[in-house]
Amino acid sequence: MYASVGDRLIVHSDRVGGPVRDGEIIQVRHADGSPPYVVRWSDNGHESVFFPGPDAEVHHFQPGLAPDPGDDAG
């Protein structure tokens, strides 16, 4: 897994129907983009160092592209 500042980290629940957590990657500690990451979580604004597991994925930020207004994923 590799990420850059501004990417979105999505963490899926380990239970069916469980909550999905997401946050913005605000710091990448390695030049190659590997974990750990400092993440600002969208549900409470808390910032933490996070080592993603197999239930996590990165949505890469693409400058200049606005989200599709019809896209519920935001």
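Is Glu24 buried, partly exposed or exposed? At 30% relative accessibility, Glu24 counts as partly exposed, where buried means under 20% relative accessible area, exposed over 50% and partly exposed in between (1.4 Å probe, protein chains only).

A word on the model before the close-ups. This is a predicted model, with residues numbered from 1 along each chain as its sequence is written, and local features need pLDDT of at least 70, side-chain atom pairs count only at pLDDT 80 or more, while totals for chains, interfaces and linings use all residues. Side-chain values use heavy atoms, with hydrogens and water left out.

**Figure 1. The overall layout is five strands and zero helices.** Reading from the N terminus, the elements go β-β-β-β-β. Helices (H or I, at least four residues) and strands (E, at least two) are DSSP runs, numbered from the N terminus. Of the 74 residues in the protein, 26% are buried. Take the contacts with a separation of 6 or more: 37% of them come from residues 24 or more positions apart. Contact here means heavy atoms within 4.5 Å.

**Figure 2. The largest nonpolar core has 10 residues in all.** Its members are Ala3, Leu9, Val11, Ile25, Tyr37, Val39, Trp41, Phe50, Ala56 and Val58. A nonpolar core is a set of buried Ala, Val, Leu, Ile, Met, Phe, Trp, Tyr and Cys residues joined through side-chain atoms within 4.5 Å. Zoom in on Val58, and its contacts are Met1, Tyr2, Ala3, Asp7, Arg8 and Leu9, once residues up to four places away in sequence are set aside.

**Figure 3. Trp41 and Phe50 form an aromatic pair.** A search of the whole structure finds one such pair. The ring centres of Trp41 and Phe50 are 5.3 Å apart and the planes sit at 80°, so the pair is edge-to-face. For the bookkeeping, rings of Phe, Tyr and Trp (its six-membered ring) pair if their centres lie within 6.5 Å, and planes under 30 degrees apart count as stacked, over 60 as edge-to-face and the rest as tilted. Trp41 is buried, with a relative accessible area of 3%.

Figure 4. Arg40 lies in strand 3 and Glu24 in strand 2, so the pair ties together parts that are 16 residues apart in sequence. Arg40 is partly exposed, at 34% relative accessibility. Glu47 joins in too: Glu24, Arg40 and Glu47 are linked in a network of salt bridges. The rule asks for a side-chain nitrogen of Lys or Arg within 4 Å of a carboxyl oxygen of Asp or Glu, and by this rule the count comes to five salt bridges.

**Figure 5. Asp22 and Arg8 make a salt bridge.** The closest N and O atoms are 3.4 Å apart. With Asp22 in strand 2 (residues 21-28) and Arg8 in strand 1, the pair ties together parts that are 14 residues apart in sequence. Asp22 is partly exposed at 23% relative accessibility, and Arg8 is partly exposed with a relative accessible area of 32%.

**Figure 6. Arg15 and Asp14 form a salt bridge.** Here the closest N and O atoms are 3.5 Å apart. Arg15 is exposed, at 55% relative accessibility. Asp14 is exposed as well, at 69%.

**Figure 7. Asp7 is buried yet has no salt bridge.** Look for Asp7 in the segment before strand 1 (8-11). The nearest side chain of opposite charge is Arg8, 9.4 Å away; Lys and Arg count as positive and Asp and Glu as negative, while His and the chain ends are not counted. What does sit by the Asp7 side chain is the backbone nitrogen of Phe61, 2.7 Å from one of its polar atoms. Not counting residues up to four places away in sequence, Asp7 touches Gly23, Glu24, Ile25, Val58, His59, His60 and Phe61.

**Figure 8. Asp55 sits in the loop between strand 4 (47-50) and strand 5.** Asp55 is partly exposed, at 31% relative accessibility. Leaving aside neighbours within four places in sequence, Asp55 is in contact with Ile10, Val11 and His12. The C-alpha atoms of Asp55 and Ser13 are separated by 7.2 Å, though the two residues are 42 apart along the chain.

Terms used:
Polar contact = N/O pair within 3.5 Å; in protein donor to acceptor, adjacent residues only side chain to side chain.
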